[in-house]
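Let's take a walk through this structure, one stretch of sheet at a time, and then step over to the chain contact.

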Amino acid sequence: CAGLPAPPRPDRAAIDSFNLEGRLSVRQGERPYHANVSWRHEPARDEILLTGPLGQGIAELTRDARGARLLTAERKEYLAPDWAALAQEVLGLTLPLNELPRWLAGGVEARSRDNYQRPRRALADGWQIDYLDYESDREDALPSLMEMSRDDIGLRLKIDQWQIP
Amino acid sequence: SGLDQLHAFLGETRAAKGSFSQTVVGKSGRKARQSSGSFLMQRPGKFRWSYDKPYVQLLVSDGERLWSFDPDLNQVVVKKVGQALGSSPAALLAGETLERNFDLKEGGTAGGLEFVEATPRAQDASFQKVRIGLRDKLPMTMEIQDNFGQTTTLHFSRFEPNPSFSSGLFRFTPPKGADVVGE
């Protein structure tokens, strides 16, 4: 899809809804986790589906006003007041899920910028966020490869496709 | 019948290679995702499943370990196969005794194919059902229904039974600089 012309994008900080398709690897110490990600984000609602290479669902995370829910492939359901509590309780991982939508769009206070003036590295809530690649050379381009690390947790996210409604 | 063809395939085809196209259709308005690639397999449990479109992902198993490599993430995850392969769709192609892990029943005929429906016996299997379409004792299609209302459809082409190839293909040596994680 590199051939597609780069679409103009709204201002990063103004992006409050998106659909994205990508691939995520989470590493805590030697514990790996690897899945395809499809994420529908809106201010009031989130839906993340994690799937394996053959497309089978591994887990579905949803969040809305009532709280956060995780449904696993084995049909186990976990509920929590919000995402951060859910990830901590179920996966034993402190994941910046509440802040992630803003970080993904690049709405961060950048410590350094690349030569197209887009965020290259940021620090937030103890996480180091590195924007390794963007979808195009436009100044308003959205990230396509990111790394986030804190203590012994490392997240690497390849975003194959953005859709901004 | 479908079951006869499947048993013939399991008995007579010790190894196979071919290409596949894959379509994943999700529930409620999720866009269908297309991908394609090629595969090799050798009983018992060895397979090499490589996607090359829309991006490269490689799954290799020697029957004991499963390597999954994603060049964009530059990461190799290594896992013990154990029970995981037992009830995965790959097991249907590369496995030996299906009855142990699946309930098998006839799935009718359509489009020149005879079908078998395989339901994993394990309660915690990651999918509900697989429907395999066979012709000339070889699988042509595989439809996998997962537990989230998604259906993956695989179409096989250039399916070559019992080709000769080196079994070294079922081990994976991570490229230099790749992040290798797992046991």
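**A strand and its neighbours**

Start with strand 10 of chain B, residues 138-146, where seven of the nine residues are buried (under 20% relative accessible area, with exposed over 50% and partly exposed in between, 1.4 Å probe, protein chains only). Strands here are DSSP runs of E, at least two residues, numbered from the N terminus. This is a predicted model: local features need pLDDT of at least 70, side-chain atom pairs count only at pLDDT 80 or more, and totals for chains, interfaces and linings use all residues. Residues are numbered from 1 along each chain as written, chains are lettered from A and ligands numbered from 1 in written order, and side-chain values use heavy atoms, without hydrogens and water.

On one side, strand 9 (residues 127-135) of chain B pairs antiparallel with strand 10 of chain B over eight bridges; pairing takes at least two DSSP bridges. Look for B:Ile132 opposite B:Met142.

In all, 38 residues of chain B contact 35 of chain A, contact being heavy atoms within 4.5 Å. The rule finds four salt bridges across this interface (Lys or Arg side-chain nitrogen within 4 Å of an Asp or Glu carboxyl oxygen). A:Arg23 and B:Asp70 meet in a salt bridge at 2.9 Å, N to O.

Note on methods: Helices (H or I, at least four residues) and strands (E, at least two) are DSSP runs, numbered from the N terminus.
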